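Biologist: Could you bring up the model so that we can go through a few spots together?
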Amino acid sequence: MIRQPSRRSLLLGATAAAGTAMLGGCDRLGEADWFRRTLKTGEDANLFVQRLLLTERTLAPEHAEADISPWFKPNGTEDPPDKAYKALERRKFADYRLEVGGLVETPLKLSLAELRKLPSRTQITRHDCVEGWSAIGKWTGVPLSELLSRAVLKPQARYIVFHCADTMDQGGGDDADVGDDTEQDDAPAGNANPAMTKQSGGGESKRDAGGQQADDDSAASASEPVRFYESIDLVDAFHPQTILAYELNGQALPVANGAPLRLRLERNLGYKQAKYVMRIEVVESFARIGQGKGGYWEDQGYAWYAGI
């Protein structure tokens, strides 16, 4: 009997094909305005279909212990070279503090030990990469909704931005390798865009009353380091399977897989699932962060919405 492909596999196949086309070097086509508009239309359609067919709490498939992959492939950055990150790693992240700020009533700053004391969730799920591979892992972490509920979102909050620890483009500054922010598990091959401006990842940038970067900070010099960032909307943020994982397969999260904390966003492709999360910023708009597309890879041309 011929099995009909699932909606998940169809969407994954289509997205992977699009990713392969981009990775294949369609530079001339990618420069065409009409093609960019077509891609944006496809992204909007994907978001519409996903939200139409699934409820806000529909779960991604979960698997049995016997299904766990013998090796969960790390991808992208596997050992951030940033000095601040290296200092945290040497002390086994005892000095790590996750900051939650922006459009919140109660900003948070939590150690890894404090995060482990919060309500947790364990899930065995499949990671689907835009490059075509997949792996099943057992993740344990704190639900993002738990942190956001404790922080209490302000009414104008719309997006959650994850600022990470590794530098994607060192820039030209003397301290380019000094940082406290990341990249991610599913980063496709290729060099960072040298023209990309610095995203608000170090906690030092100026912001207006709405939690956004001030105008004089949003166009930072291209010579400054560019660190990884990613964003999601509130629907995905409050999904029960959206967690900040500190364990993989019952062990402390390895550095190669994003230690000390990584995002698990089970209804999305892997490039959305940020590793080495240092700071969470609640915003009304991400227009003034990076190049304003909502994420490092989105600034390079990838779709902001990567639901599967």
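Biologist: Where does L253 lie?
Modeller: L253 lies in the loop between β8 and β9, where strands (E, at least two residues) and helices (H or I, at least four) are DSSP runs numbered from the N terminus. Before we go on, this is a predicted model, in which local features need pLDDT of at least 70 and side-chain atom pairs count only at pLDDT 80 or more, while totals for chains, interfaces and linings use all residues. Residues are numbered from 1 along each chain as its sequence is written, and side-chain values use heavy atoms, with hydrogens and water left out.
Biologist: Is L253 buried or exposed?
Modeller: L253 is buried, at a relative accessible area of 6%; buried means under 20%, exposed over 50% and partly exposed in between, with a 1.4 Å probe and protein chains only.
Biologist: What does L253 touch, leaving out residues up to four places away in sequence?
Modeller: Among the residues that L253 touches are W139, Y246, A259 and P260, contact being heavy atoms within 4.5 Å.
Biologist: And what joins A259 and P260?
Modeller: A cis peptide bond joins A259 and P260, with omega at about 10°, and P260 is placed in the loop between β8 (251-252) and β9 (262-264). Most peptide bonds are trans, and most residues other than glycine have a negative phi.
Biologist: Which residue has a positive phi of about 65° although it is not a glycine?
Modeller: F93 has that positive phi of about 65°, and F93 is found in the loop between α4 (83-90) and β1 (97-102). V152 also has a positive phi, near 65°, and is a residue other than glycine; V152 lies in the loop between α6 (144-151) and β5 (159-169).
Biologist: How accessible is V152?
Modeller: V152 counts as partly exposed because its relative accessibility is 37%, whereas F93 is buried, with a relative accessible area of 10%.
Biologist: Switching topic, where is S231 found?
Modeller: S231 is found in strand β6 (residues 226-233) and is buried, with a relative accessible area of 0%.
Biologist: Which backbone oxygen lies 2.6 Å from a polar atom of the S231 side chain?
Modeller: That is the backbone oxygen of G294. Leaving aside neighbours within four places in sequence, S231 is in contact with residues including I160, F286, G294 and W304.

How values were computed. A polar contact is a pair of N or O atoms within 3.5 Å; within protein, one must be able to donate a hydrogen and the other to accept it, and residues adjacent in sequence count only if both atoms are side-chain atoms.
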